[in-house]
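Subject: Handover of a structure and notes on its contents

Dear colleague,

Please find below the structure that I am passing on to you. My notes on what was found in it follow directly after.

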Amino acid sequence: LQRARIVLRKYGFYYLLALPGLLYFLIFHYIPMMGVVIAFKDISPYDAVHDILYGDWVGFTNFTRFFHSIYFWNVLSNTLIISGLKLLFAFPASLILALLINEVRLTAFKRVVQSISYMPHFLSIVVVAGLITNLFSTSGGPINGLIRAAGGQPISFLTHPDYFRQILVAGHVWQTVGWGTILYLAAMANVPQELYEAAAIDGANRFQQIIYITLPSIAFVIVILFLFAVGNLLNAGFEQILLLYSPAVYSVA
C-alpha cells in the first residue's frame with residue numbers, strides 16, 4: 001500500500017492523462033463485449049434485454065442458420081472485396097501523400113496542405129454520406145451537371161452496381177488519406193538529415209533519396225500499419241455502406 005502511494009504520488013498526473021482514453025476503451029469497447037452472448041441465445045427484438053439476461057442458450061444454432069443462408073457467401077465476398085479495394089487504394093494513398101508533403105519546403109504551404117487533408121477525418125460519416133449523396137445526385141448534383149453540360153444523360157451512380165463500390169472506396173480514401181499521413185510524417189522527421197546531404201553530394205536526386213533513404217528508414221512503420229490494415233479486412237465500413245446503399249446495389253454491397 002505504501003509503495004502504491006509512492007507510485008501514485010510520482011506518476012499520478014500521467015495516470016490522470018491516460019484516464020480518458022482508458023475510459024473510452026472500457027465503455028465503448030470492453031463493456032459492449034458482454035453483448036456477444038446474443039450470438040448464442042434465442043433473442044427476440046421485442047424483449048431483447050430480458051432475453052440477453054434470461055434467454056435460452058442455443059449454442060451455434062444462429063451461426064449454422066447464417067452459414068447456410070442464401071446471403072452468407074454474398075455478404076462475405078462483398079465484405080472482402082470492398083475491404084480489399086479500400087486497402088489497395090487507401091493504404092498507399094496515405095504513404096504517397098506523406099512523401100509529397102515531406103518534400104514541400106515552404107513551411108506555411110505545408111501546414112495548410114496538412115490541415116486541409118486532415119479535416120475530412122473529423123467529419124461524421126453521416127455528413128460524408130450526405131456530401132457523397134448530393135455530389136452524385138441526379139437532380140442538381142455537380143457530377144451529373146457536368147455530364148449534362150457535355151451532352152450526356154444523368155447517371156444514378158449510387159443505385160448502379162457498376163459504380164457503387166468505386167464511390168465507396170473513393171469516399172473512404174478522401175476521408176482517411178490525410179489522417180493516415182500523421183505517423184508517416186512523424187517517422188520521416190526522425191530520419192537523419194546527414195543521409196540526405198551525403199546522398200545529394202553523391203549525385204542522388206530527390207526521387208532517388210525517397211527510394212533509397214526515406215522509404216527504408218520508415219519501413220517499420222509501413223509494415224506495422226499494413227498489418228493493422230490487414231487485420232481489419234472483415235470491417236468494410238458498415239456505417240458508410242448502410243447510409244449509402246439501396247436495394248438496387250445489394251448484390252455488390
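Leaving out neighbours within four places in sequence, T214 is in contact with L99, M188, Y196 and Q209, where contact means heavy atoms within 4.5 Å. T214 lies in helix α11; helices (H or I, at least four residues) and strands (E, at least two) are DSSP runs, numbered from the N terminus. With a relative accessible area of 1%, T214 is buried. Buried stands for under 20% relative accessible area, exposed for over 50% and partly exposed for what lies in between, with a 1.4 Å probe and protein chains only.

Please note that this is a predicted model, in which local features need pLDDT of at least 70 and side-chain atom pairs count only at pLDDT 80 or more, while totals for chains, interfaces and linings use all residues. Residues are numbered from 1 along each chain as its sequence is written, and side-chain values use heavy atoms, with hydrogens and water left out.

As to the overall architecture, the protein has 13 helices and zero strands. Its radius of gyration, taken over C-alpha atoms, is 24 Å, well over the 18 Å given for 253 residues by the globule rule (2.2 Å times the number of residues to the power 0.38), so the protein is more spread out than a compact globule. Along the principal axes, the C-alpha atoms fill a box of roughly 80 × 75 × 30 Å. Of the 253 residues, 26% are buried. When contacts between residues at least 6 apart in sequence are considered, 64% join residues at least 24 apart.

The interior deserves a separate paragraph. A nonpolar core is a set of buried Ala, Val, Leu, Ile, Met, Phe, Trp, Tyr and Cys residues joined through side-chain atoms within 4.5 Å. The largest such core has 25 residues, and those with the most contacts inside it are F91, L95, Y184, L185, M188, I218 and I222. Two or more residues each are given to this core by α4 (72-103), α8 (161-176), α9 (181-189), α10 (193-201), α11 (206-217) and α12 (219-230). Helix α4 supplies the largest share, eight residues. Residues up to four places away in sequence aside, I222 touches F91, L95, Y184 and L215. A second, separate core of 15 residues includes F157, L158, L168 and V249.

Finally, the structure holds 16 aromatic pairs. Rings of Phe, Tyr and Trp (its six-membered ring) pair if their centres lie within 6.5 Å; planes under 30 degrees apart count as stacked, over 60 as edge-to-face and the rest as tilted. Y24 and F28 form a tilted pair, 5.5 Å centre to centre with 40 degrees between the planes. These two residues are four apart in helix α1, so about one helical turn separates Y24 from F28. Y24 is partly exposed at 42% relative accessibility, and F28 is exposed at 56%. The pair of F67 and F72 is edge-to-face, because the ring centres are 5.0 Å apart and the planes stand at 70 degrees. F67 is partly exposed at 44%, whereas F72 is buried at 14%. Ring pairs also link F40, F60, F63, F66, F67, F72 and W73 into a cluster.

Yours sincerely
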